[in-house]
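User: I have a model open and would like to walk through it with you. Can we start with the strands?

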Amino acid sequence: MKYVALLSGGKDSCYNLSHCNANGHQLVAAATLSPQSGKDEIDSYMYQTVGQDAIEFVARALEVPLYRHVIQGDAIEQNAEYGSRSAGGAGVLGDETEDLYTLLKRVKVHHPDVQGVSVGAILSNYQRVRVEHVCRRLSLTPLAYLWQRDQAELLSEMIAAGVKSVLIKVAGIGLTVKHLGNTLNEMQDTLTRLNNLYGLHICGEGGEYETLTLDSPSFKYCIALDGTEVVMHTDNDFAPVAYLRIKQASLHPKESSIDGKVEVPPLLDDRFGELKNVVETSVLEQYEKGSSGTYEPTNKLHHIPDHPSTHAIGSWLAIGNVHPGSSLYSEIPLEEQVRDCFFQLQEILQSHDLRIEDVVNITLLLPSLAPDIFAVANKAYAEFFGVSPPSRACVGVDLPEGVGVILECVARKDNTRRALHVQSLSYWAPANIGPYSQVVTVEPYVFVSGQIGLLPASLTLPSPSSLALETALVFQHTDRVIRAANTAGGHVLLSLYWLVDYADTIHTRRACETFCEETPTLFLVVASLPRGARIEKQVLVHTGKFTVLDEDEDTFIQVSHTPEFVSGDIHAERTQILRTAEFLSGDVDPECGTKVSSEAILSSTRPPILNWQVSRFDVSGTSPQCVVICARGHPSREDAIELEKIPLLGAFWATALSARLFHRVEADFSPSWSSVSRVLFGDNMPATTFIPCRYIGTWGSDEQWDWAVAFVGVS
């Protein structure tokens, strides 16, 4: 695509151009925001303004026209989010972000074929969120190939690629006036040492220093500084603030030819590359056996409950089984069915003093995810959200004839809600391909959107198709978005693997075993996935943080815990079999880092009729957070009675907020599930959504189940 460079003149904005070019994009213009006349620098949260004296030379070195705009606004909206969560929200009047909107809008007038914007963001969510907000309003794609890169590696790459940038401002501990004018190559050892001593950001992401680029692979000419002046802003023995005023500069032919090639980071980190090898080996072994797993249902479920299912616990609300209220489904266009679902959703939320902006996670079920159907549904869906929309999983399932959409969601009114909503193309993880956030955090839960195996830089699936690469990518994407949302990571409490081919389940299960992912897990074969993907991974994460009473100090303190995974089987003779563990109770598996439980073990060679799995924290006053139950036959009252006998689950039933009931396509499980619910929950049933599947499997077993239910609880 043709793109405009958002230039500060610094190393990041210039080096990102080389990656834009390496990914096949064409630079046609540059744009910059400047302080008002007579000011070298202003205190901007968004823009590097020092060095603007030389920005004209940078554009000339690139041989593209430069568009400038004087910053008029201030940093009015300083929160993590910019704009409104309500649908159709614009910017914030008087904010400096709106100066960027004015600038890029003018660029589009002169270059109507521009589709992208190069952004040098590495770590700053503040800057990225605001640039993406402006780009969305102008239908532009942000190109941020430096996003989330390791700063030490990135600095080395810049130097190796021939980027010559000099420090023109210092404002970090250990940096002094003597460092002004030094190149990155000359400063690398000093920056590394200061990082080790004080945690200084090696690439200056904390504002410790700023640079001006004199040469870069994308430059046609190099820049010489012929006259500079040191300006002392704040004199301090440890961290003075000073900058260079550029008084005179000139362009010169480049002394040596640089081919413009840059080092593109590996697609997969080492451990995910190993996981890819495991899946490739598994696929090859299965291919040699000649087995196939294609399956088309001969009969579809013809009944779903008529009304939405809701359940509230404290400030949490779950809503399940939302579908159009008319019995004439097939006569209603899909977009109207989606809107009808959201109108119902809004009404239910309002009855609980909540709004659509309080929704944190949505599962959207469609009869197919063919491009035309997916696009229509997404367009209607997007009408209801502004910035930081909920996380989401979108799956194509065998819905009853004529039913175009079913959705379920979780909502909570919480001022601490945080969303990771990355819309830029990068090497990090896929930009959102729909109106959803990659992650929404409402302590202590982290709701992660379903991840498919897209190549982040292009948002395309691997070609030719490769289950091994897609699987490795969904594992890596999930890991990266969790860490970007919470630098300490978190603990996966529940994993759902959506697949489109039964034959792929065994390979995905082996990937889980390799990754030591011991948590309640389901493998679900459905009709289709977004973009024609073969696998989609959806997880629920817990921060592991708890506030507990310190009895010695009589105060509350925050502590961290690791969850424990426990599972068991119930056989035909109703004997409980708990998962075999070779560790003492509470020990940590040295490979997986997961707590395991050892309880009384009874043996049986007969296949189980019911399996249960639990994620729990050993914290007083809490019950298990996630429970998965798998079974054969139809749900029965006897199943519920046996589940009631399991001590570990006793406290959970009162805290179950939501239930997703996965079942064979050909059968109607709604009536029989009601008998189970009445025994376990009485009148306090969790919000339940029925999801037809072509295959249901679980972690650690090759068993195929007739139905499974994934519960999420809050306590």
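User: How many bridges join strand β1 to strand β4, and which way do the two run?

Analyst: This is a predicted model. In it, 3 bridges link β1, residues 2–6, with β4, residues 116–118. The two strands run parallel.

User: Which residue stands opposite tyrosine 3?

Analyst: Glycine 116 of β4.

User: What is the strand order in that sheet?

Analyst: The order is β3-β2-β1-β4-β5. Those 5 strands make an open sheet with parallel pairing. On average, neighbouring strands are turned by 25° against each other, ignoring direction.

User: Which strands does helix α2 touch?

Analyst: Helix α2, residues 55–62, packs on the sheet and touches β2 (26–34) and β3. Its direction makes about 160° with that of β3.

User: And α3, what does that helix touch?

Analyst: Helix α3, residues 97–110, touches β1, β2, β3 and β4. Its angle to the direction of β3 is about 150°.

User: New topic, helix α8. What span should it have, and how far apart are its ends?

Analyst: Helix α8 has 18 residues, 334–351. At 1.5 Å a residue it should span 26 Å, and its end C-alpha atoms are 26 Å apart, so the two agree.

User: Which of its residues are buried?

Analyst: Leu334, Gln337, Val338, Arg339, Cys341, Phe342, Gln344, Leu345, Ile348 and Leu349.

User: What comes just after α8?

Analyst: Aspartate 353, with a positive phi of about 60°.

User: Cysteines next. How many disulfides are there?

Analyst: The count is 0.

User: Is cysteine 409 buried or exposed?

Analyst: Cysteine 409 is buried, because its relative accessibility is 1%. Cysteine 516 is also buried, at 17% relative accessible area. The cut-off for buried is under 20%.

User: Last one, the whole chain. How many helices and strands does the protein have?

Analyst: It has 13 helices and 32 strands. Of its 715 residues, 58% count as buried. The protein exposes about 29000 Å², with carbon and sulfur atoms supplying 48% of that area. Among contacts with a separation of 6 or more, 76% come from residues 24 or more positions apart.

Notes:
Residues are numbered from 1 along each chain as its sequence is written. This is a predicted model: local features need pLDDT of at least 70, side-chain atom pairs count only at pLDDT 80 or more; totals for chains, interfaces and linings use all residues. Side-chain values use heavy atoms; hydrogens and water are left out. A disulfide is a pair of cysteine sulfur atoms within 2.5 Å. Buried means under 20% relative accessible area, exposed over 50%, partly exposed in between (1.4 Å probe, protein chains only). Helices (H or I, at least four residues) and strands (E, at least two) are DSSP runs, numbered from the N terminus. The expected span of a helix is 1.5 Å times one less than its number of residues. Two strands pair if DSSP finds at least two bridges between them. Axes are lines fitted to C-alpha atoms, for helices over the stretch in contact, and angles run from 0 to 180 degrees between N-to-C directions. Contact means heavy atoms within 4.5 Å. Accessible areas come from the Shrake-Rupley method with a 1.4 Å probe; for residues, only the protein chains shown count as cover.
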